[in-house]
Every structure is written in C-alpha cells, then in structure tokens.
Amino acid sequence: MNEHDSEKISWVLEGMNYESTDISEEADLIIFNTCAVRKTAEEKVYGQIGELKRLKRENSNLVIAICGCMMQREEVLEIVTTKHRHVDIIFGTNNIHKLPQLINNYEKTGKTVIDIVEENREIDENIEANRKYSFKSYVNIMYGCNNFCTYCIVPYTRGRERSREPENILEEIKKLAETGCKEITLLGQNVNSYGKTLERDYSFADLIKDIDKIDGIERIRFMTSHPKDISDELINLYANMDKLCDHLHLPVQSGSNRMLKLMNRKYTKEDYLKIIDKVKSINPNISITTDIIIGFPGETEEDFNETLELVKEVGFDSAYTFLYSIREGTPAASMEEQVDNKVKNERFQRLMDVLHPFGLEFNEKLLNKTVKVLVEEVSKNNEKILSGRTDSGKLVHFEADESLIGELVDVKINSVKTFTLEGVLV
Ligand code: 5AD
Ligand code: SF4
C-alpha cells in the first residue's frame, strides 16, 4: 500500500517538474513515506530524519517532508514537531493530491506546514501513479479497514473502509492494459470485503470476473484478504480462471483459538483450515502464504505450539512473520502479560525452522517443469541473468537478453532453493 502511495507521490511531483535522484546531496526535496504497523519501522524513520539535519545545514533550500501512516498518530506528530524541527512539511495518508499546495505554502512562508485529514476521507480519483514497472501495476480497490484487530494501528491511521466504484477501477486497469501492463495486483487492507460500502450489490468476485474480461491483462493478484470474509464465490474462481494467479495470501496470525479471540480476528483455527481445504481441493497447485504474529500478549508455549501445528498442517509455502510490536492506542497495547523479547526471538527461530522446509518442498515440485515467468529485471549481481516471477509468485533466475523484460516467457526449472528457482529459457 505504501509503495503504491509513493508511486502516486512521485506522479504528483513529476507534474511539478521534479525529477528523481538517488543522491540525497542533490535533492531539493526529500519525502519520507512512513509505515506505522510496527515500532521498529518508526524508530528507523526518526534515525533517518535525524541524519538529514546535516544536509539541511549545508543546503538551506532543501525541503524535508514526512507523510504516511505514522503522521496520523498524534504522539508521532508531537515528537516530529518538537524534536525534529528541520522537517518542513507533514501530511497524512489521504492528502497526497494537496502536495503541490503544501510545497507552495512552505516556500511562501518558510513555516512548517501540517496537513492531516482525520475525518470524511473521500476517495480522490484524480491521482495517477508513476509506476515502477510498465508491465505490472498495483491498483487500489479500497481504502481503510473496519476490522480493528486488537494489535493493529491501521484502522486508526487509514480510517474506515471505503471501496472505489468498479467503473473507476476497471477504467484504470483498461488504461494500464492499453499501455502494456500484463499483471495487476489489487490492493486493499481486506479485499474480500470489497463492495460493502457501494450502493449496489457488487462483490470482490464480481470485480475479478470483470477484470478477467480486459484484453491484455494476463495475471490478476490481490492482497490482502481476511479469512472471515473470504467467499465461496471467490474460492471457486480458482477452479477455472486462468488469469487469477495460483497464489492466495491469507493472513492467519495465530494457530491458537484463544489468541485469535484476543486478537479479535473473528474466525477459529478450524474455520481457517476449512478454507484451506476448499482452496486446495479446487486448485492443488496453489501457493498458500500467510502472516503470523509471534508473542501477542499472553501467548503461552501451548498457544505458540498450536501455531507451529497449524503451519505444519497447512504447509505454508512462505510466511511473513512479525514479532508482536506494541502500538499505543490499540487494545492489545494495554493487555497484561506482554511477552518477553527473548521469548519472542526464540519462538521466531523455531517458527523459521518449521516453515522453511515447506517452501523448499513447494519449489521442488517445480523441478524439471516448464513455468511461465513474467520477466522483471536484470539481476543485481550478474547482468546476463534476468529475474522474474511465476504465477505463484516465486522468484526465478535465468540467462536471457534484457529485451525480454516485461514479457511472459517459458522457463524450465533446473535448480531450486527455499526462496528462489533457477532455470533455462525454452
Ligand atoms: N505487531 C506485529 N505485527 C503486526 N501486524 C500488524 N500489526 C502488528 C503489530 N502490532 C502484522 C500482521 C498483519 C501484517 C500486515 O502486519 O500480521 O497481517
Ligand atoms: Fe489491521 Fe486487522 Fe485491518 Fe488487517 S484486517 S489492516 S490486521 S485491523
């Protein structure tokens, strides 16, 4: 979500004739687009803004801005405005379109400009994005979240759930397809509840079916989905819709029903397993990935072992694993029995040991098979090697000419590791 917001910011700035640079010393404007999901990310931001003090001293024309989820938190705003006074512009998650005005205001007055929208966040349909790749793109389908998982800051920073009108989404995707985009990733905090705020009866599955009809789009991905809202209608699409990628990212968070209840996730381990069974019976080749939180308040050895058992039962192809991070203002922050960091780290290692063999097992099934790869870029370490992704999202390296970037090609896999595959072009 943040990456795509940054692409939008970049588009707005190009409209003001800014050009991008990788060299901070050359920059007239530096913007930090921040994430508030975990504390460590926030701490990194403070460290990095601190380092910019020197640049600001050397170049008095340099403008420093911070935006994104962190800025929606009062506590952060207080810290930035008192301890990091060299920050010139502060804006939130929903006012990217106002950036030209904010920069102008700052340049006119020389005073810190703060613009955070708290309520009535309307969807702005006029912003485009300066996309990193022409052949694959993110597309927002909804914003915000109504779920209030007890550990999560997102509903407070991104506001209530609201869906974009299907016509606007389909129009955006058609335009992308016309300019050579082959793969789209539909973005939302909980895409399965897409459509609930629309005035008509139109679901996430309906949206996918309409996108399937767009010529030129060859792959449809989405993230992220919530198990409580996943519909049979959506699961059934995996049976015979070629464009829908063989990948489902379905965050489980924990394998303990006690933890799931405390997290306010509104499903049980058994509900989750039922969904996975259905999906796998419809599409046995599907890659199933997840998010897991380790050390939620009160998590005992027994609870954690239930997570390990669930991981084994599902056989997740990979997982994003997070050490629970206290987010002030969320219900879990004030729960007693916070888990010790040492325990969290030790559990993390045990989880990795259980998880990794499944990734390798999934990849081994691809050995000597020919897979379709969307070619993305030249490998960072070797200019003769290209990298791209399979339908299931696996990274593949193979030797070929860079003219193939952006194309869907066939690659025969001849070597596999836990996280990557190698092969030859066929
Ligand atoms: N601590 C750790 N992980 C978190 N996530 C969200 N909030 C927290 C938190 N406070 C994780 C969840 C979610 C992912 C995007 O981030 O697993 O699915
Ligand atoms: Fe956070 Fe839960 Fe909403 Fe995901 S569904 S953004 S974890 S509150």
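Tutor: Start with accessibility: a residue is called buried under 20% relative accessible area, exposed over 50%, and partly exposed in between. Keep in mind that this is a predicted model.

Student: Is Lys-266 buried or exposed by that rule?

Tutor: Lys-266 has a relative accessible area of 56%, so it is exposed. Its place is the loop between α9 (257–262) and α10. The backbone there deserves a look too: phi of Lys-266 is near 65°, a positive value in a residue other than glycine.

Student: Which value does phi of Phe-148 take?

Tutor: Phi of Phe-148 is near 50°, again positive in a residue other than glycine. Phe-148 sits in the loop between β6 (142–143) and α5 (154–158). At 30% relative accessibility it counts as partly exposed.

Student: Which residues are around ligand 2?

Tutor: Phe-148 is one of them; the others are Cys-145, Asn-147, Cys-149, Tyr-151, Cys-152, Val-154, Pro-155, Gln-189, His-226 and Arg-265. By class, this shell divides into seven nonpolar residues, three polar and one charged.

Student: How many disulfides does the structure hold?

Tutor: The general idea is that a disulfide is a covalent bond between the sulfur atoms of two cysteines. This structure holds zero disulfides. Cys-245, for example, is in none, and the nearest cysteine sulfur, that of Cys-181, is 12 Å away. Cys-245 has 2% relative accessibility and therefore counts as buried. Cys-149, from the shell of ligand 2, is also buried, at 8%.

Student: How should I read a pair of packed helices?

Tutor: Two packed helices are described by the angle between their axes and the distance between the axes. Here, helix α8 (residues 232–240) and helix α10 (residues 269–282) pack at about 25°, with axes 8 Å apart. Angles under 35 degrees count as roughly parallel, so α8 is roughly parallel to α10. Their crossing is right-handed.

Student: Which peptide bond is cis?

Tutor: The bond from Met-223 to Thr-224 is cis, with omega near 5°. Thr-224 belongs to the loop between β9 (219–223) and α8.

Student: Last, where does Leu-52 lie, and how far apart in space are Leu-52 and Ile-64?

Tutor: Leu-52 lies in helix α2 (residues 39–58). With a relative accessible area of 8%, Leu-52 is buried. From C-alpha to C-alpha, Leu-52 and Ile-64 are 8.4 Å apart, while in sequence they are 12 residues apart.

Methods: Residues numbered from 1 in each chain as written. Chains lettered and ligands numbered in written order. Predicted model: local features only at pLDDT ≥ 70, side-chain atom pairs only at ≥ 80, totals over all residues. Heavy atoms only, no water. Disulfide = S-S within 2.5 Å. Buried < 20%, exposed > 50% of the residue type's maximum accessible area, 1.4 Å probe, protein only. Near = heavy atom within 4 Å. Nonpolar A, V, L, I, M, F, W, Y, C, P; charged D, E, K, R; others polar. Axes fitted to C-alpha atoms, helices over the stretch in contact; angles between N-to-C directions. Helix = DSSP H or I, 4+ residues; strand = E, 2+ residues; numbered from the N terminus. Parallel < 35°, antiparallel > 145°, perpendicular 65-115°, else oblique. Left-handed = near helix turned anticlockwise from the far one by under 90°.
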